[in-house]
Amino acid sequence: MRRPPASRILGTGHYLPQMVRTNQDISKMVDTSDEWIRERTGISERRVAAPDECTSDLASAAAKNALDAAGVKASELSMIIVATVTPDMPMPATAVFVQQKIGATCAAFDLSAACAGFVYGLSIADKFIAGDPNAKVLVIGVELLSRVVNWEDRTTCVLFGDGAGAAVLGAAEGDRGLLGTELFTDGSLGRALMIPGGGSISPASVGVLEARDHKVKMEGRAIFKAAVKNLYSASQRVVTNAGLKNEEVDWVVPHQANQRIIHQVTTKAKYSDDKVLSNIARVGNTSSASIPILLDESIRNGTIKEGQVVLMCALGAGVSWGAAVSRM
Ligand code: ACO
């Protein structure tokens, strides 16, 4: 017999900046078109943070919504995990600023697993709560990618958006909770998606700035292939290991990277299109924030209901990927 779940998502929240940047707007910046972007990615528009907004602002707004939804006070939290590749600054962790902004006092740290960061965070929170059932853990996926995208590179700048999503986890309730998580990394593709400058290999310098090495560089096709292959296998594995069949999954909440990736993965796994949730047209690829934003929107608009089984899967830079299945 399978172990009952240890942890459960008690509440979710999200935050999207006000400013909308459409495909038409981008077509005035680089040589692209609305048609190309929609056909190749499914994206029509994305949100861009205001100049005075930083990553911890977005994260804190999402966190407050999640805490309200969960009925948990910030002072009750045992841990804050902020999954991001666009921190407020290299040191300290963005999570420490979130801790201050929401009025918490618990341990707080950042997690770097790119687009898979929220799924990684769920898995860590689940294991933490398994060891301490009284713990309440806040997991945030947040990105301010507009600050690290090269707005002169049409192959990347059309893809990304800013936003934050969050979930508060606590002890499971009967069969409601996280039924399984699976995490993977293939470092052989470590340079297929990167911000090469500003770290220990190439510290910040005039040369780094001139080469635009402080901006995102990507081999799109390699990432695409890795995403289709690995998201399919991780999703199948997490469902099987949870003792479920694909037919028992009510909703698929995939990372919103590219509508074609989502379609290829879910078609291969034989999920009907009406089970697969998507908001990529409106928000683009928000990396680690993508799953919790979509999850929260779908809970708030009544699509995902209590007791239903939700499959989440994400892959990003690293390449790192993972999947989680939860009975809500
Ligand atoms: N507008 C117009 N033309 C463009 C644009 C653009 N924005 N970008 C690239 N092109 C051109 C290319 O230059 C190329 O022209 P060429 O044939 O004359 O050389 C042509 O379009 C086709 O380029 P491809 O790279 O083959 O296009 P592809 O169909 O692979 O789509 C894309 C590119 C959308 C980036 C795709 O590879 C992709 O989505 N990859 C996954 C990347 C991703 O999602 N990264 C996000 C982070 S990781 C993650 O979240 C999974």
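How many residues surround the ligand, and which are the closest? The ligand has 22 residues around it, and the closest are Thr-32, Arg-40, Arg-221, His-255 and Asn-258; a residue is near a molecule if one of its heavy atoms lies within 4 Å of it. This is a predicted model, in which local features need pLDDT of at least 70, side-chain atom pairs count only at pLDDT 80 or more, and totals for chains, interfaces and linings use all residues. Residues are numbered from 1 along each chain as its sequence is written, and side-chain values use heavy atoms, with hydrogens and water left out.

- A polar contact here is a pair of N or O atoms within 3.5 Å.
- The side chain of His-255 places an N or O atom 2.7 Å from an oxygen atom of the ligand.
- Arg-154 uses a backbone N or O atom, which lies 2.9 Å from a nitrogen atom of the ligand.
- Trp-36 has a side-chain N or O atom 3.4 Å from a nitrogen atom of the ligand.
- The protein buries 76% of the 1000 Å² that the ligand exposes when taken alone (accessible areas come from the Shrake-Rupley method with a 1.4 Å probe).

**What the shell is made of**

- By class, the shell around the ligand holds 10 nonpolar, 7 polar and 5 charged residues; Ala, Val, Leu, Ile, Met, Phe, Trp, Tyr, Cys and Pro count as nonpolar, Asp, Glu, Lys and Arg as charged, and the others, Gly among them, as polar.
- Helices H2 (34-41), H6 (154-157) and H8 (220-241) each supply at least two shell residues, and H8 gives the largest share, with 4 residues.
- Helices (H or I, at least four residues) and strands (E, at least two) are DSSP runs, numbered from the N terminus.
- Domain 1 (7-173) and domain 2 (179-327) each contribute at least three residues to the shell, with bounds from an automatic or database domain assignment.

**Backbone features to look at**

- Met-91 and Pro-92 are joined by a cis peptide bond with omega near 0°, and Pro-92 lies in the loop between strand S4 (79-83) and helix H4 (94-102).
- The peptide bond from Gly-318 to Val-319 is also cis, with omega about -15°; Val-319 is in the loop between strands S12 (309-316) and S13 (320-327).
- Lys-270 is not a glycine, yet has a positive phi of about 65°.

Conventions. Polar contact = N/O pair within 3.5 Å; in protein donor to acceptor, adjacent residues only side chain to side chain.
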